[in-house]
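Here is a short report for a reader meeting this structure for the first time. Have a look at the chain, then read on.

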Amino acid sequence: MKIYLMRHGEPTYEDCFRMGLKGQGAELGQLTAAGIAQAEEGAKDPRIQDVDLIVSSPYPRALHTAAIVSRRIDRPIEVAVGIFEWMPDLDGAEMSPKDIYDAWQEYKQSGGVHLPEHRYHNWETHAQLRARVLPWVQRYA
């Protein structure tokens, strides 16, 4: 079985911000016109023409991308709930874009391990991320 895991097209979060959505709700953005065009173009990639299944994260931007590709190459989509981006705060607390960026820098600089000198102590460690994603990926191995 061939499986194609695809990064989503360009998203917009304007409606999420306008609605005042917080935490995971702020992740409900849809694709921009450019993101839709990116998905349409990605569906033409010869490497994916004979895949059996498209696996998508549960986020709308990823599902929309997967739906476009699925329609173009006539393949089914399966949602893998555990496959999504690194979490800057495991409690889903509201964070400013700057705080998210700074937490991401801590993560990258420390190899995904919390250090005593870190300012942010609730981001998802590499070990936690791996433990969350790996069982979902192994379903398709």
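Ile 77, Val 79 and Val 81 make a nonpolar surface patch of about 220 Å². Patches are built from residues with over 30% relative accessible area and no salt bridge; like charges are joined within 9 Å, and nonpolar side chains (Val, Leu, Ile, Met, Phe, Trp, Tyr) within 5 Å. Ile 77 sits in strand 5, residues 77–79. Ile 77 is partly exposed, at 33% relative accessible area. Here buried means under 20%, exposed means over 50%, and partly exposed lies in between, with a 1.4 Å probe and protein chains only.

This is a predicted model: local features need pLDDT of at least 70, side-chain atom pairs count only at pLDDT 80 or more, and totals for chains, interfaces and linings use all residues. Residues are numbered from 1 along each chain as its sequence is written, and side-chain values use heavy atoms, leaving out hydrogens and water.

## The whole chain

The protein chain holds five helices and five strands. Their order along the sequence is β-β-α-β-α-β-α-β-α-α. Both kinds of element are DSSP runs numbered from the N terminus: helices are H or I with at least four residues, strands are E with at least two.

The C-alpha atoms fill a box of roughly 50 × 40 × 20 Å along the principal axes. Of the 141 residues, 39% count as buried. The chain exposes about 8500 Å², and carbon and sulfur atoms supply 57% of that area. Accessible areas come from the Shrake-Rupley method with a 1.4 Å probe; for residues, only the protein chains shown count as cover.

Contact means heavy atoms within 4.5 Å. Among contacts with a separation of 6 or more, 56% join residues 24 or more positions apart.

## Charges and salt bridges

The chain carries 16 positive and 20 negative side chains, and the centres of the two sets lie 4 Å apart. Lys and Arg count as positive, Asp and Glu as negative; His and the chain ends are not counted. Each charge is placed at NZ of Lys, CZ of Arg, CG of Asp or CD of Glu.

Side chains of opposite charge can pair when their charged atoms come close. A salt bridge is a side-chain nitrogen of Lys or Arg within 4 Å of a carboxyl oxygen of Asp or Glu. How many salt bridges does a search of the whole structure find? The search finds 11.

| Pair | N to O |
|---|---|
| Arg 71 and Glu 40 | 2.9 Å |
| Arg 72 and Glu 40 | 2.5 Å |
| Glu 41 and Lys 44 | 3.4 Å |

Take the salt bridge between Arg 71 and Glu 40. Arg 71 lies in helix 3 (residues 60–73) and Glu 40 in helix 2 (residues 33–42), so the pair ties together parts 31 residues apart in sequence. Arg 71 is exposed, at 51% relative accessibility.

Arg 72 also forms a salt bridge with Glu 40. That pair links helix 3 to helix 2 across 32 residues.

Lys 44 is exposed at 58%. Elsewhere, a network of salt bridges links Arg 7, Glu 27, Arg 61 and Glu 85.

## Residues in loops

Ala 43 lies in the loop between helix 2 and strand 4 (53–56). Is Ala 43 buried or exposed? At 6% relative accessibility, Ala 43 counts as buried. Beyond its neighbours within four places, Ala 43 contacts Met 6, Ile 48, Gln 49, Val 69, Arg 72 and Ile 73. Ala 43 and Ile 73 are 30 residues apart in sequence, with 6.8 Å between their C-alpha atoms.

Ala 26 is in the loop between helix 1 (14–19) and strand 3 (30–31). Ala 26 is buried too, at 18%. Apart from residues up to four places away, Ala 26 touches Tyr 13, Cys 16 and Leu 21.

His 118 belongs to the loop between helix 4 (97–109) and helix 5 (126–138). His 118 counts as buried, at 11%. Leaving aside neighbours within four places, its contacts are Glu 106, Ser 110, Val 113 and Trp 123.

Asp 74 sits in the loop between helix 3 and strand 5. Asp 74 is not a glycine, although its phi is positive, about 55°. Asp 74 is exposed, at 65% relative accessibility.
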